[in-house]
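These are my notebook entries on a structure of two chains, written as I looked things up. I begin with the domains and end with a few backbone details.

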Amino acid sequence: MPQTLKACAPPPYPMAPTMTPVTRFIRESAEVFTFDLAPECATPFAPGQFNMLYAFGVGEIPISISGDSQSPERLTHTIRAVGPVSAALGRLKAGDQVGLRGPFGVGWPVEEAKGFDVLLIGGGIGLAPLRPAIYWLLRHRAAYGRVGVLYGARTPEDLIFGAELEEWRRTPDLQLRVAVERAGPDWTGDVGYVTPLLSKLRFDPADAIAMICGPEVMIRATALALEDAGVADSRIFVSMERNMKCAIGHCGHCQFGPLFICKDGPVHRYDRVRSLLAYREL
Amino acid sequence: MAKADEAAATITVEGLQALLRAIRAGGYRAIGPTVQNQAIVYDDIESVDDLPRGVTDEQDGGRYRLARRDDDALFGYAVGPHSWKKYLHAPKLRLWTAERVGENASVTPEAPPTDRLAFIGVRACEIRAIEIQDKVLVNDMYVDPHYQALRESALIVAVNCGKAGGTCFCVSMHAGPRVEQGFDLALTELLDGTEHSFLVETGSDEGRALLAQVPHRLASSREVEAGEAVIEHTAASMGRNMRSDDLNELLMSNLEHPRWDEVATRCLSCTNCTLVCPTCFCTSVEDTSDLSGARAERWRRWDSCFTMDFSYIHGGSVRASAKSRYRQWMTHKLATWIDQFGSSGCVGCGRCITWCPVGIDITEEVRAIRGGDASTEDSR
């Protein structure tokens, strides 16, 4: 693997994937797996951006990049097997190929957050799109104020990035709280949703930026709790999910009011989507 | 292609025939209105004889019938169920094929078509519709190479409408009936007792070169006036109207209006409106493979926001109710399109009204949400 890859030329056929080898496959939990792709040319990405991944002959889905944006020669994706394509991706092994298009979309505001306290709040697989932002913050730790990570999952068995969670727990200047909704007696951490854990983090609400990714109901509840805590809605960022067939603003599927989740998002400033989120089935 | 920029010429029906011949001789595939299955649809044409001579249409909500005219007009009808997106933004398109050899697979994109299409009889609303699709598929962040190739090489022979359809409201949408830009040649059909001729305006160098190959003469001032009168008469006889200056604010501040529930009791979610709409651009992809798993393809096909699959994410559809799907279609068309692409997504062609099997009328739905009725509706 060369350390610096030649930059990819802009693709003349934006819907055509490039078959790309899987270099590492690891299972995170019963449903969730992570694999790395080694692209033949560099497609630099920003934390929070996503790729379209194609399982040969099966189909293509949008998947956020869960790896380190400072090592774009390795594209890491963490996926929960919920449908035919994600299940097919889950049957891959190192040496197999995945069709790759991307990166797409607008990511987390890591530059704008410089000088602020930063809160990252993930629910379930929602921790995966936040991980590149966590890597970024740790790499540029001095540029930020206090950093807190809240992570919620259904059960301890559903937690992803287990070894890294341990590492982050030991990292100075990084507050981490992990909650599960249901747990056996051997779980010594928090039980319940992530929102009550906000009060356990040290941050200055007037000087904080929050990034949320998870199920939409969790996003709404968390944003509400952040506002109650005094964080301005213009300093809350949420990553959203919709059906997506093209990722280039052509297929129309991901529309959310005036927004295309693929190109205006997936990360949106909360004050720009909060009124839309209030409507059911929009 | 630019605005008409010089004095109009006049050609006869024979001149139109010569024009079609010149267009085809120039390497274009000529496509125009034809009568098929009791409707006026776009298809390949070879001569003036393929055009719907002496035919008109009667259109209303959920109703479309052809009828005879008492003259030999060649363009004496409004738009039918087809639009030019059928050619520029194909209903079904293979995007690429992929082949697996051993461990490695490779993807071969489908090359853009090299056909040069000549669209004959394009109405003002349809030019506007093409320009609207340009904004989505060529002038936004990403370019659709297939659309771009066909669009850039297409020749547009426009027609100023001589008859407003029963569901037309282009005047309300400021999209017609006068063809103002985006054409190579623009015709106005003149039927004056025994005389049958066409005023021709040129809108591009290519249009001028084509006209030069065809017998024509400078239009008389009487003919120019007659052409103006045709357009004015069409503008004054729109079958529908709809106030359109405030639709973004009106609809987006009425997302919970009871009318959405009411229209949902009539809407069949059949997708007809989106298929006949000349601006609806939504597509889906189908990934297929052969039985051996060695060859795969991706096809793109028109899709519709009226299907449940359209908004499906694991666990269910975001828009599970017919109410939410109708609301998505109409608010996108008339309101959020403006935020996204700087113009309404509606050109007032009336197709969605005519081809709705239950006759849902977008102008009437807007009126209902506005809370007024037809008598107080401030027209055009």
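I took the domain bounds from an automatic or database domain assignment. On that basis, I have chain A divided into domain 1 (18–104) and domain 2 (117–239), and chain B divided into domain 1 (9–236) and domain 2 (247–370).

Before going further I noted the conventions: this is a predicted model, in which local features need pLDDT of at least 70 and side-chain atom pairs count only at pLDDT 80 or more, while totals for chains, interfaces and linings use all residues. Residues are numbered from 1 along each chain as its sequence is written, and chains are lettered from A and ligands numbered from 1 in the order in which they are written.

**Entry: domains of chain A.** I looked up the centres, taken over C-alpha atoms, and found that 24 Å separate domain 1 of chain A from domain 2 of chain A. I count two residues as in contact if their C-beta atoms, placed from the backbone, lie within 7 Å; by this rule 15 residues of domain 1 of chain A touch 15 residues of domain 2 of chain A. The domain 1 side of that contact divides into four nonpolar, eight polar and three charged residues, where Ala, Val, Leu, Ile, Met, Phe, Trp, Tyr, Cys and Pro count as nonpolar, Asp, Glu, Lys and Arg as charged, and the others, Gly among them, as polar.

**Entry: domains of chain B.** In chain B the C-alpha centres of domain 1 and domain 2 lie 25 Å apart, and 38 residues of domain 1 are in contact with 32 residues of domain 2. For the elements I used DSSP runs numbered from the N terminus, with helices being H or I of at least four residues and strands being E of at least two. Strands β5 (63–68) and β6 and helix α3 of chain B each supply at least two residues of the domain 1 side, and that side has 19 nonpolar, 10 polar and nine charged residues.

**Entry: chain A against chain B.** How many residues does each chain give to the contact? I found 34 from chain A and 42 from chain B. On the side of chain A, the elements that give two or more residues are β1 (18–27), β4 (59–64) and β6 (97–104), and the residues of that side divide into 14 nonpolar, 14 polar and six charged.

**Entry: the largest nonpolar core.** I call a residue buried if 20 or more other C-beta atoms lie within 10 Å of its own, exposed if 12 or fewer, and partly exposed in between; a nonpolar core is a set of buried Ala, Val, Leu, Ile, Met, Phe, Trp, Tyr and Cys residues joined through C-beta atoms within 7 Å. The largest such core has 186 residues, of which A210(A), F119(B), V157(B), A158(B) and C170(B) touch the most other members. Its largest share, eight residues, comes from helix α3 (residues 124–137) of chain B. Leaving aside neighbours within four places in sequence, I listed the contacts of V157(B), among them F119(B), V122(B), D184(B) and L187(B).

Entry: D134(B) has its place in helix α3 of chain B, and I find D134(B) partly exposed, with 17 other C-beta atoms within 10 Å. Beyond four places in sequence, D134(B) is in contact with N139(B) and R151(B). In helix α4 (residues 145–153) of chain B, P145(B), H146(B), Y147(B) and L150(B) are buried, and what covers them includes α2 (85–88), β6 (92–101), β8 (117–122) and α3 of chain B.

**Entry: backbone details.** I checked two cis peptide bonds: G265(A) to P266(A), with omega near 10 degrees, and G176(B) to P177(B), with omega near 0 degrees. P266(A) is found in the loop between α5 (261–264) and β15 (267–269) of chain A, and P177(B) in the loop between β9 (155–160) and β10 (185–192) of chain B. H174(B) lies in the loop between β9 and β10 of chain B, and phi of H174(B) is near 55 degrees, a positive value in a residue other than glycine. I also noted T271(B), with phi near 80 degrees, in the loop between α8 and α9 (272–276) of chain B; with 18 C-beta neighbours inside 10 Å, T271(B) counts as partly exposed.
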